[in-house]
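Here are a few notes from my pass through this model, jotted down point by point. Have a look at the structure first, then read on.

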Amino acid sequence: MTVTTVRNGVRCIEDVPLADIAARFGTPCYVYSRAALEAAYAGYRDTLAARGLLDRSLICFAAKANSNLAILNLFARLGAGFDIVSGGELARVLAAGGDPKKVVFSGVGKSPAEMRAALEAGIHCFNVESANELDRLNTVAGELGLKAPVSLRVNPNVDPKTHPYISTGLKSAKFGVAFDQAFDLYQRAASLPNLAVKGIDCHIGSQLLDPLPARDAADKVLGLVDRLAAAGIVLEHIDVGGGMGITYRADEPAPAAADYLAPLLDRLKGRKEKLIFEPGRSLVGNAGLLLTRVEMLKPGEEKHFAIVDAAMNDLMRPALYDAWHEIVKVGAGDMKSPEGVTATKATESRAWEVVGPICESGDFLGHDRELALAEGDLLAILSAGAYGMAMASNYNTRPRAAEIMVDGAAIHLIRRRETVAELFATEALLP
Ligand code: LLP
């Protein structure tokens with residue numbers, strides 16, 4: 001949940017006081033720990049290594065969770081592949097030094113141009129989500145004189161027991177092909193001249209804390225793999241998707257990677273297929289935080305509002321999913337803003353609505369948080385490394401935040417703050 005430590009009353013990320021980052025780069029800003037990113041990756045790698053599976057596994061970081069080039073590059077250096085869902089993500093992965101041969105391309109609406117770019121880059125596999133997509137991919141590959149490697153993303157109709165907006169494996173979802181139609185579709189894929197059937201894919205949802213739905217989905221998938229083999233369609237890999245949850249709050253702890261993966265890996269024991277994993281949140285979520293400053297306090301009759309300089313455009317998850325992120329005070333040394341404004345004296349602790357300055361009632365970052373706050377205080381919004389910056393917008397013409405990577409005592413600016421001028425540079429007045 002927390003990537004920070006408090007040393008002599010000073011809240012740090014690795015060896016760097018958060019207040020130093022705020023003073024140097026301003027707020028709001030995202031701050032990541034390189035060590036935490038590497039530790040999260042090691043959770044998967046070591047679990048697979050302990051079972052002798054590492055050589056035939058590919059860990060494909062789901063770029064949608066955090067697509068900053070420095071983060072993609074870090075995972076590429078660790079040997080990861082990538083799960084992408086757009087031509088834009090493909091371009092990012094390539095720009096970050098990712099190996100196209102380790103890229104899988106998911107998503108329900110790939111355009112011909114995106115298919116072309118991925119075929120030309122030589123990606124590992126397309127995770128195809130419909131019959132029409134098979135036909136389109138066959139046509140595009142034919143035009144290029146190439147054979148497209150494909151998996152079908154099957155929808156196992158398993159309840160992942162998570163938020164409905166991030167459940168993807170139920171019959172009612174737009175994702176994947178219906179389990180009952182998958183066998184016929186594989187036969188069709190095998191008959192198309194410009195496709196090479198390679199594997200099978202299944203992703204049932206995100207922020208899963210219970211490992212059993214993933215195991216149940218795997219059981220269904222393995223049954224299908226065996227039926228296909230009996231019919232002469234032998235698959236080379238099984239892609240089990242992403243979805244492992246993280247701890248956002250202490251009373252909802254997430255299992256360690258080894259424990260989450262155990263039931264699934266038990267099922268895969270003794271099989272010959274290669275394994276692909278598509279973790280997003282679990283590799284980056286708890287390695288990042290959003291640093292923000294209390295702009296204004298507005299105690300009221302019914303509710304007390306702490307208006308901070310981060311908002312729903314920076315971190316959309318609370319507004320969109322009613323998601324809970326722990327909010328902590330940065331502590332001593334947080335009193336000076338870059339403009340030199342010194343904080344007023346701390347008030348007593350009380351329950352604050354931590355909100356942003358955006359003109360929406362849904363613009364909140366946390367409800368009912370017991371904190372002793374003064375204007376100018378710095379706050380860290382934790383577990384914000386996944387689907388934080390990646391989902392940020394410019395609503396209210398707010399420049400997107402800076403991103404900083406801490407590595408021991410070193411501080412790297414990995415994305416500078418946008419300027420207001422940049423936000424309307426692509427627009428034009430009427431003649
Ligand atoms: N593979 C596929 C095909 C996916 O659709 C996703 C996430 C992943 C892998 C990675 O799943 P993860 O390991 O991160 O659970 N914006 C939401 C989460 C949306 C997840 C979408 N798909 C949030 O902030 O909670």
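1. Bear in mind that this is a predicted model.

2. On the overall layout, the chain splits into two domains. Domain 1 is made of two segments, 4–32 and 285–423, while domain 2 covers 34–282. Taken over C-alpha atoms, the centres of domain 1 and domain 2 lie 33 Å apart.

3. Now the interface. Domain 1 puts 23 residues in contact with 20 residues of domain 2. Between them, domain 1 and domain 2 bury about 1,900 Å², and carbon and sulfur atoms account for 55% of that area. On the domain 1 side, the names to look up are Tyr321, Trp324 and Tyr387: these supply 30% of the area that domain 1 buries against domain 2, more than any other three residues.

4. Next, the helix pair. Helix 2 (residues 34–50) packs with helix 3 (residues 69–77) at an angle of about 45 degrees, and their axes are 11 Å apart. That angle is why helix 2 counts as oblique to helix 3. The crossing of the two helices is right-handed.

5. Which residues of helix 2 and helix 3 meet? Helix 2 brings Arg34, Leu37, Glu38 and Tyr41, and helix 3 answers with Ile71, Leu74, Phe75 and Arg77. By class, the residues of this contact comprise five nonpolar and three charged, with no polar ones.

Key
Residues are numbered from 1 along each chain as its sequence is written. This is a predicted model: local features need pLDDT of at least 70, side-chain atom pairs count only at pLDDT 80 or more; totals for chains, interfaces and linings use all residues. Side-chain values use heavy atoms; hydrogens and water are left out. Axes are lines fitted to C-alpha atoms, for helices over the stretch in contact, and angles run from 0 to 180 degrees between N-to-C directions. Helices (H or I, at least four residues) and strands (E, at least two) are DSSP runs, numbered from the N terminus. Angles under 35 degrees count as roughly parallel, over 145 as roughly antiparallel, 65 to 115 as roughly perpendicular and the rest as oblique. A crossing is left-handed if the near helix is turned anticlockwise from the far one by less than a right angle, and right-handed if clockwise. Contact means heavy atoms within 4.5 Å. Ala, Val, Leu, Ile, Met, Phe, Trp, Tyr, Cys and Pro count as nonpolar, Asp, Glu, Lys and Arg as charged, and the others, Gly among them, as polar. Domain bounds come from an automatic or database domain assignment. Buried area is the accessible area (1.4 Å probe) that two parts lose on being put together, summed over both.
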